[in-house]
Amino acid sequence: NLRNDIGKFQFSGPYRDVLFTNYTEKAISLYEKLMAPLEAFNLPKKLTIIPGGVLGYLPFDALLTSAPNKTCTFQHYPYLVRKHSLSFGYSATLQYALSQNKINSNRIFAGFAPEFQGLGGFDALNFNIEGLESIKPIVKGDLFLGSEATLENFKEYVSQYGIIQLATHAEANTSTGDFSFIVFADGKGGYDSLFVKDLYLLDLMAEMVVLSACETAVGKLHKGEGIISLARGFLQSGAQSVVTTLWSINDETNKLLMQEFYKQIKKGKSKDEALQLAKVKQIENADQMYAHPVFWAAFAPMGDMKAIYPGVQPVMLYLGGIFLVLLLIFLFGFRHKPIAKSGIIRKIIQQKPWSKVGL
């Protein structure tokens with residue numbers, strides 16, 4: 001019910017008042033049942049959740065840690081995403097296995113975005129191609145756009161890339177999960193589909209697959225196995241991690257969220273933290289309406305959350321500071337006290353400040 005109330009908000013019209021009231025009540029209640037009892041154990045900032053049963057459909061990010069001070073001011077709501085960076089998995093065994101893999105050194109980006117003009121049974125998408133074009137300068141790589149975003153090209157070239165984003169339509173099959181599918185162009189003005197059952201035949205080498213499409217985490221719930229979905233199919237075909245969606249996402253706000261996500265990824269943030277920072281920034285910068293969870297909480301990271309790009313290490317910052325100090329001393333001494341210069345530098349070398357960081 002919570003997920004449905006959130007997802008319907010962007011299409012609700014005059015029923016919005018009822019939906020956000022229902023959302024607020026349920027988000028507080030579910031937090032108190034599921035998360036509040038655990039807070040007594042001093043939960044770390046980074047959490048990995050292995051959801052059982054229908055909890056696999058739940059947007060944990062959007063749970064409310066307390067009642068909001070003022071209703072409808074969504075940019076000020078106490079969302080759980082403000083406290084924790086959340087990631088998800090299908091089993092503890094799979095999570096452990098993924099964590100043991102080394103980071104893929106292949107950071108080449110590939111984006112696939114067919115063109116949708118409201119024909120062929122699929123709604124128009126106005127920002128999927130534009131969104132990938134705005135990401136390319138951040139991470140570099142190749143784009144397969146419009147008629148080039150074919151299933152044939154995907155199958156032929158996908159193993160060459162370490163970061164893959166699919167900005168397209170998808171459809172979940174809640175009765176037969178293996179028949180959930182994601183849409184590609186067929187190169188002839190029409191469309192082709194990649195089903196979950198066909199994903200198992202691919203040999204992916206990707207560090208991360210971003211499924212920027214609708215309901216890619218939704219599928220058939222099997223007792224003891226979890227949800228059979230597109231996200232799970234990509235993990236089982238070799239992807240280290242997948243960023244997936246829980247409902248029909250907004251094309252325009254998705255573009256802005258993904259831009260910030262990749263900026264944080266490029267800075268060396270882990271995947272879960274990068275997504276958390278992107279969501280919080282969107283909440284705080286959006287107007288009252290677009291800070292509602294329907295516009296950001298659909299995205300959920302699954303699998304291994306290791307950073308893709310190396311961040312700036314503290315040791316390197318320390319060494320950089322030492323180098324800068326030495327350079328300033330040298331320049332100052334050269335201009336004002338050329339005779340005493342060598343004595344100052346010799347004294348610094350004798351003290352060996354770099355030994356403090358174990359070098």
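Reader: How are α9 and α10 oriented to each other: roughly parallel, roughly perpendicular or oblique?

Author: In this predicted model, α9 and α10 pack at an angle of about 135°, with their axes 8 Å apart. Angles over 145 degrees count as roughly antiparallel and 65 to 115 as roughly perpendicular, with the rest beyond the roughly parallel range taken as oblique. The two helices, α9 and α10, are therefore oblique.

Reader: What is the handedness of the crossing of α9 and α10, and which residues of α10 make the contact?

Author: α9 passes α10 in a right-handed crossing. On the α9 side the contact involves Thr253, Leu256, Leu257, Glu260, Phe261, Gln264 and Ile265. On the α10 side it is made by Lys271, Ala274, Leu275, Leu277, Ala278, Lys279, Lys281 and Gln282.

Reader: What is the distance between the end C-alpha atoms of α10, and what span should its 15 residues have?

Author: Helix α10 covers residues 271-285. At 1.5 Å a residue, its 15 residues should span 21 Å, and this agrees with the distance between its end C-alpha atoms, 21 Å.

Reader: Which strands do the buried residues of α10 pack against?

Author: The buried residues of α10 include Leu275, Ala278, Val280 and Ile283. Besides helix α9 (251-266), the buried residues of α10 pack against strands β1 (46-49), β2 (85-88), β9 (208-212), β12 (241-245) and β13 (299-303).

Reader: What percentage of the contacts in the chain with a separation of 6 or more joins residues 24 or more positions apart?

Author: The chain has 12 helices and 13 strands, and 48% of its 359 residues count as buried. Among contacts with a separation of 6 or more, the share from residues 24 or more positions apart is 74%.

Notes
Residues are numbered from 1 along each chain as its sequence is written. This is a predicted model: local features need pLDDT of at least 70, side-chain atom pairs count only at pLDDT 80 or more; totals for chains, interfaces and linings use all residues. Side-chain values use heavy atoms; hydrogens and water are left out. Helices (H or I, at least four residues) and strands (E, at least two) are DSSP runs, numbered from the N terminus. Buried means under 20% relative accessible area, exposed over 50%, partly exposed in between (1.4 Å probe, protein chains only). Contact means heavy atoms within 4.5 Å. The expected span of a helix is 1.5 Å times one less than its number of residues. Axes are lines fitted to C-alpha atoms, for helices over the stretch in contact, and angles run from 0 to 180 degrees between N-to-C directions. Angles under 35 degrees count as roughly parallel, over 145 as roughly antiparallel, 65 to 115 as roughly perpendicular and the rest as oblique. A crossing is left-handed if the near helix is turned anticlockwise from the far one by less than a right angle, and right-handed if clockwise.
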